[in-house]
Amino acid sequence: MKISEITESARFAYESLNSNKLRSLLTTLGVVIGIVFVILMGWLLSGLDAALEKTVNVIGTDMLYVDKWNWSGGKNWRDYESRKDINLAQATEFCRRVTTPEVAMPIAQKWGAKIQFKNQSISGISVQGVPAEYVLTPGGAVTDGRFFSKSEERFGADVAVVGYNVANTLFPDGDALGKEIKIRGHKFEIIGVVEKRGTFIMDFIDNQTFIPLQTFLGIYGTSGRSLSIAIKAGNEENLANARSEAIGLMRQIRNNQPGQPDDFSINESQMFREEINSLRMSTWGVGIGLVSLSFFVGIIGITNIMFVSVTERTKEIGIRKALGAKRGAIMLQFLMEAAALCFVGAVIAFAFCSTVIAVVVKVFFSDSDYLSSYVPPQLLLTASVVSIIVGILAGLMPALRAARMKPIDALRYE
Amino acid sequence: MAAEQPIIHIEHIAKVYTMGGEKLYALRDVSLDISPNEYVAIMGPSGSGKSTLMNILGCLDTPSSGIYQFNGLDVRSMSDNELAEIRNKEIGFVFQTFNLLARASSVKNVELPLVYSGVKRAERRERAEQVMHSVGLGDRMEHKPNELSGGQRQRVAIARALITNPAIILADEPTGNLDSKTGKDIMRLFYNLWQSGNTIILVTHEEDIARHARRIIRIRDGCVESDLPNEENEASYSEAI
């Protein structure tokens with residue numbers, strides 16, 4: 001293929017589109033819709049990925065949680081239910097004996113608690129009794145005020161560090177610090193607010209409220225409660241070592257016999273990847289369906305209009321052939337026209353999506369930091385490439401017909 | 001010997017169309033040679049097969065049987081793309097209806113054959129401008145065909161035919177759509193081209209036009225009726241021109 005033929009084809013494509021603006025625009029509609037789906041799907045998936053990363057970071061990539069329950073739960077629910085609770089003595093023993101991780105600590109929690117401030121209240125709160133070391137975990141990231149100290153923990157001080165959502169609901173003006181709230185009738189002074197951490201995967205996490213472990217046990221008691229053990233490996237390389245030590249030590253403490261399965265679970269952030277992956281799969285499933293359907297319709301439309309274009313230009317094809325255009329040159333002209341048609345569609349789709357995404361994010365997800373408010377640039381490339389491939393597919397049959405015309409028949413055509 | 005070789009050598013060619021099971025002979029049996037720098041007119045009434053002959057000579061169509069050699073190469077065994085290359089490099093077409101691309105400027109039309117032989121843009125433009133000047137259209141480069149008169153359009157077409165320095169110029173009723181004065185101008189142009197060494201094949205049904213050629217081949221019912229040199233008035237003709 002000669003360069004002069006390629007530039008000539010580009011000119012040909014431009015002229016053809018330019019002289020039939022409205023027709024080109026209407027024809028490309030199917031492709032526009034297809035590309036819109038491609039872009040929206042890509043945008044959603046990148047939002048999902050960002051949310052996943054954030055979630056994983058919230059939990060901590062170097063964190064392990066020894067629990068009675070398995071987070072990814074589901075099928076074996078009854079098995080978990082029948083396990084013995086992890087009691088305070090076991091948790092304390094574990095934390096005393098463990099050596100590999102940077103830090104390990106017992107955590108007690110109460111779901112569905114209620115917090116009162118004057119005559120307002122917020123329910124569905126998870127109250128967590130934690131030691132002062134909790135400040136080292138991602139959950140201890142306080143934006144406002146401070147976390148409680150070792151001595152406050154030891155003496156069971158009535159201080160609380162509230163989640164972002166709690167602070168925001170009870171104190172929309174941002175003046176939560178120093179306020180006195182009531183949890184189960186007990187008075188607590190707010191000394192810190194945790195940064196916003198939740199995504200749509202774990203929106204409940206911003207409802208957590210932390211009080212010293214001793215205080216918690218004083219209010220809620222120790223019986224009928226299974227504790228968790230939070231383990232901070234220190235870094236991701238140390239995670240595997242920490243995990244195997246935790247399993248061995250816990251089996252020992254829980255008196256699991258050889259051959260008997262663990263009667264506890266080791267939970268970690270990686271588990272959320274599975275949840276995200278299933279979400280990703282269903283997004284793909286719906287997306288691929290819609291995309292193929294609209295591309296199918298789009299390709300039919302473009303093939304049809306390209307046949308019209310070939311027929312309209314029969315005489316011109318004849319002239320070009322008489323002057324020495326080979327099959328490949330004629331073929332290229334029509335393929336380029338079809339590809340250009342689809343590329344225009346991609347540009348329109350891109351402009352449309354950029355607007356829609358910007359508006360949607362601004363109006364509905366203004367406080368989201370995982371959905372981007374613009375189309376990710378790599379999607380621009382994907383959409384362009386996809387549109388050009390679609391154009392070539394759609395143009396193939398008409399272009400072949402044009403290329404195979406006999407010059408003498410084409411020249412005689414009126 | 002090589003210098004003596006004809007550009008076109010055809011032997012017993014026929015062109016048959018089958019329509020509704022019946023065989024129609026557009027050409028029955030035609031043999032002829034055309035040598036460099038000849039000025040040949042192919043004449044005949046409509047339906048005589050002269051257009052079919054022209055299409056075959058121009059490699060736009062292939063014969064059903066017989067031998068066609070172009071510069072010693074066997075045309076019948078060529079592929080579509082090889083034929084396209086012959087048309088591109090060796091043949092310059094001038095059509096009755098001009099056959100210019102309506103949306104392209106005259107200079108772009110003239111350049112077109114060079115696009116398909118891969119000549120670079122700057123050289124294309126330079127050569128096109130040169131040829132445009134030689135046919136007297138130096139001031140009409142950027143005009144589109146519909147902004148030109150019939151005679152000017154045919155000059156664009158001639159310029160386009162000349163730009164590749166083809167072995168033959170094949171003109172099919174080149175004055176058919178022109179008034180007689182413009183037609184005369186065009187014929188004078190052909191005469192000058194012949195004088196400067198080009199080989200010209202003219203297809204026409206008009207005696208007046210055919211008389212410009214130096215050899216007249218008459219076709220009737222798909223066969224060569226006569227093939228004679230035209231020596232009647234070369235001296236007076238060239239004076240008249």
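Modeller: One definition first: Ala, Val, Leu, Ile, Met, Phe, Trp, Tyr, Cys and Pro count as nonpolar, Asp, Glu, Lys and Arg count as charged, and the others, Gly among them, count as polar. Please also keep in mind that this is a predicted model.

Now to your pocket. The largest pocket has a volume of about 900 Å³, and 38 residues line it. By class, this lining divides into 18 nonpolar, 12 polar and eight charged residues. If you want a place to start in the viewer, go to A:Asp67, A:Trp71, A:Gln109, A:Trp111 and A:Ser228, which lie nearest the centre of the pocket. Which elements supply the lining with two or more residues each? In chain A they are helix H3 (29-59), strand S1 (63-67), helix H4 (77-81), strand S2 (103-117) and helix H10.

S2(A) pairs with strand S3 (residues 120-130) of chain A in the antiparallel sense, over eight bridges. The two strands form a hairpin with two residues between them. In that turn sits A:Lys118, which has a positive phi of about 50 degrees. S3(A) has another partner, strand S8 (residues 208-212) of chain A, and here the pairing is parallel, over five bridges. One pair to pick out is A:Val130 with its bridge partner A:Pro212 in S8(A).

Next, follow helix H10 (271-312) of chain A, which also gives two or more residues to the lining of the largest cavity. The structure holds three cavities of 30 Å³ or more, and the largest of them has a volume of about 60 Å³. Among its lining residues are A:Ser16, A:Asn20, A:Arg23, A:Met306, A:Glu337 and A:Leu341. Sorted by class, the lining has four nonpolar, five polar and two charged residues. Besides H10, the elements giving two or more residues are helix H1 (3-19), helix H2 (21-27) and helix H12 (327-364) of chain A.

Helix H12 of chain A is worth a stop. H12(A) packs against helix H13 (residues 377-404) of chain A at an angle of about 145 degrees, with the axes 6 Å apart. Their crossing is right-handed, and the contact has 20 nonpolar, four polar and two charged residues. H12(A) also packs with helix H11 (residues 314-322) of chain A, at about 140 degrees and with the axes 10 Å apart. That crossing is right-handed too. The contact is made by A:Ile317, A:Arg320 and A:Lys321 of H11(A) together with A:Ile330, A:Gln333 and A:Phe334 of H12(A).

Finally, visit the second largest cavity, which holds about 40 Å³ of space. Its lining brings in both chains: A:Leu323 is there alongside chain B residues including B:Arg87, B:Phe93, B:Pro113 and B:Arg160. Strand S6 of chain B gives the largest share of this lining, three residues. By class, five of the lining residues are nonpolar, three are polar and two are charged.

Key
Residues are numbered from 1 along each chain as its sequence is written. Chains are lettered from A and ligands numbered from 1 in the order in which they are written. This is a predicted model: local features need pLDDT of at least 70, side-chain atom pairs count only at pLDDT 80 or more; totals for chains, interfaces and linings use all residues. Side-chain values use heavy atoms; hydrogens and water are left out. On a 1 Å grid over the protein atoms alone, a cavity is a set of points where a 1.4 Å probe fits but cannot get out, and a pocket is an open set with protein on both sides within 12 Å along at least five of seven lines; lining residues have an atom within 4 Å of a point. Grid points are joined across faces, edges and corners, and a volume is the space filled by probe spheres set on the points. Helices (H or I, at least four residues) and strands (E, at least two) are DSSP runs, numbered from the N terminus. Axes are lines fitted to C-alpha atoms, for helices over the stretch in contact, and angles run from 0 to 180 degrees between N-to-C directions. A crossing is left-handed if the near helix is turned anticlockwise from the far one by less than a right angle, and right-handed if clockwise. Two strands pair if DSSP finds at least two bridges between them. Contact means heavy atoms within 4.5 Å.
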